[in-house]
Amino acid sequence: MSDVRREITIAWAIARKDLLAELRGRHTAVSTLTFAALVLLLFGFALGPDAHRLADAAPGLLWLALVFAGLLAVARFHQIETEDGALEQLALYPVDRRAIYAGKALVGAIAMVILGILVIPAVALMYAVNIGPAWAVLVLTVVLGAIGFAAAGTFYAGVTVRMRAREVMLPLLVLPIIAPLLLAAVKATTAALTGDPFGELPAWLQLLAAFDVVMVIAGAGTYGYLLEDG
Amino acid sequence: MKTRILGFVALAAVLAAAGFGLFVVPADLNQGDAQRIMYPHVASAWLAYLSFGVTALAGIGWLWRRDLRFDAVAVSSAEIGVMFTAFAIWGGMMWARPVWGTFWQWEDPRLTTTALLLALYVGYLLLRRLSDDPARRATRAAIVGLVAAVDIPIVHFSVIWWRGLHQGPTFLDPNKILHPAAPLPFVLALVGMVLAFTLTWSWLMIRRYQLARLQAGHEEAARYGRVVRARAKARGHETTMTSPIDSGDATEAAR
Amino acid sequence: MKDVAFVIAAYGVIIGGLGLYALALVRRLAAARRQSRPELRSDPADQGDGGRA
């Protein structure tokens with residue numbers, strides 16, 4: 001088996017393991033989904049009751065809810081490894097670190113996509129937003145955003161997983177980094193929902209894609225150092 | 001004591017540049033006296049970004065060579081850099097209020113990017129503070145510094161697009177003094193301030209690096225002292241039952 | 001507020017801040033050097049953690 005095929009197999013194996021564990025226990029899924037819903041609810045209290053203001057703010061609130069819930073998810077996928085010392089065992093396998101990183105990031109991305117697909121109708125409902133034909137573009141935006149967030153979030157989850165105060169360090173490190181992702185995703189969502197009057201949608205989607213590529217490369221390239229030292 | 005001479009030269013340069021910028025250079029036709037703020041503001045921003053680059057490069061050096069001296073450079077550059085970043089933001093705000101009417105402008109790519117730079121720096125320094133083992137700390141810091149450095153250009157461009165892809169109001173351009181047709185005194189004041197700040201940065205880097213090396217030495221000595229004590233304790237208890245506390249101590253030191 | 005006030009605020013904080021940091025750095029360095037001298041022999045009684053970079 002060629003090197004790349006082997007890496008992909010391993011990455012998928014790690015992702016499958018986490019996904020199966022999640023399907024059985026569903027702890028992470030339920031708690032992150034509930035958290036996202038709560039965030040949306042609280043935004044309603046904070047910015048409402050003016051329906052227009054909420055509808056205008058909806059793209060931003062959608063992505064903020066996804067980002068905050070996503071932080072919980074990527075943190076959790078790394079924590080489950082440390083609870084059994086599994087991370088050390090994982091590091092002992094003669095496997096390219098990039099495969100481990102890819103597997104973890106894949107789970108994170110899948111989780112975020114599912115989360116996004118569930119949250120969009122919730123936002124449409126709570127903030128009186130008409131999605132209509134834009135749903136396909138919205139799903140695409142969620143997928144691109146999920147990849148970028150999972151790439152960055154998984155990387156920092158790996159950095160902080162065995163640190164003191166990791167619950168605070170993870171958001172502190174991740175949030176500045178994903179600022180461009182947040183910006184682009186909200187802009188793309190807004191453009192999609194308003195019918196893209198300025199024709200800027202492709203540009204924002206391209207920015208998202210570029211961010212994804214950069215984060216995946218940076219994360220995969222440096223993750224190996226973590227397993228050796230930290 | 002060449003460093004000491006450098007320090008005094010830097011001090012003199014800063015005072016001279018400040019005096020020049022405040023009293024000698026004429027006020028701008030459009031921006032008035034607020035234009036003077038540009039000199040230390042731009043100089044601070046330049047050093048903020050330079051420091052960030054040095055931190056990222058020093059991190060690469062550590063990952064490549066495993067020499068803690070690289071890490072000492074990285075932490076020095078980060079600490080000095082966060083200070084210059086704060087100065088740049090402060091200067092930007094002080095300039096923005098008289099010229100634009102508000103302290104903050106989201107669409108100005110340099111202001112928002114620099115604010116994000118501050119957040120990245122603070123995260124970097126906090127990350128270091130929460131790590132105990134020198135090698136682990138250096139590695140974590142290096143990769144975090146690297147990813148952050150890679151992110152900065154992306155942030156910069158996304159904010160420019162943020163502004164440019166839809167109609168925004170026209171602002172007085174802070175880049176006016178960098179324009180080739182700018183009047184000579186302005187250019188001189190800016191170049192002078194940048195040079196003075198860079199000299200100061202160099203002196204600060206040397207001193208901060210010395211401090212970092214000393215602290216690393218103390219840390220190493222303290223860890224060695226703990227090992228020595230643990231071994232002495234273990235040897236002393238060879239003939240008696242080892243209590244759980246002592247064996248815990250020895251395994252901790254043996255790590 | 002007149003423009004001059006903002007200019008003073010800017011210069012004051014930036015150059016003053018540089019000066020304060022430089023002074024603090026010199027003192028930190030002096031303290032670290034003082035701490036180094038008795039450590040020329042590894043003293044088991046030395047409890048200090050030595051500070052962290």
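This is a predicted model: local features need pLDDT of at least 70, side-chain atom pairs count only at pLDDT 80 or more; totals for chains, interfaces and linings use all residues.
Residues are numbered from 1 along each chain as its sequence is written, while chains are lettered from A and ligands numbered from 1 in the order in which they are written.

Back to the loops. A:D196 sits between α8 and α9 of chain A, and its phi is near 55°, a positive value in a residue other than glycine. Helices here are DSSP runs of H or I with at least four residues, strands are runs of E with at least two, and both are numbered from the N terminus. A:A128, in the loop between α5 (97–126) and α6 of chain A, has a phi near 55°, again positive and not in a glycine. A:A128 is exposed, because 12 other C-beta atoms are within 10 Å.

Next, the contacts. How many residues of chain A are in contact with chain B? There are 26, against 27 residues of chain B, with contact meaning C-beta atoms, placed from the backbone, within 7 Å. On chain A, α6 (135–160), α7 (166–177), α8 (179–193) and α9 (201–229) each supply at least two residues of that side. The largest share, 9 residues, comes from α9(A).

Last, chain C has 1 helix and 0 strands, and 17% of its 53 residues count as buried.

Key: Two residues are in contact if their C-beta atoms, placed from the backbone, lie within 7 Å. A residue is buried if 20 or more other C-beta atoms lie within 10 Å of its own, exposed if 12 or fewer, and partly exposed in between; C-beta atoms are placed from the backbone.
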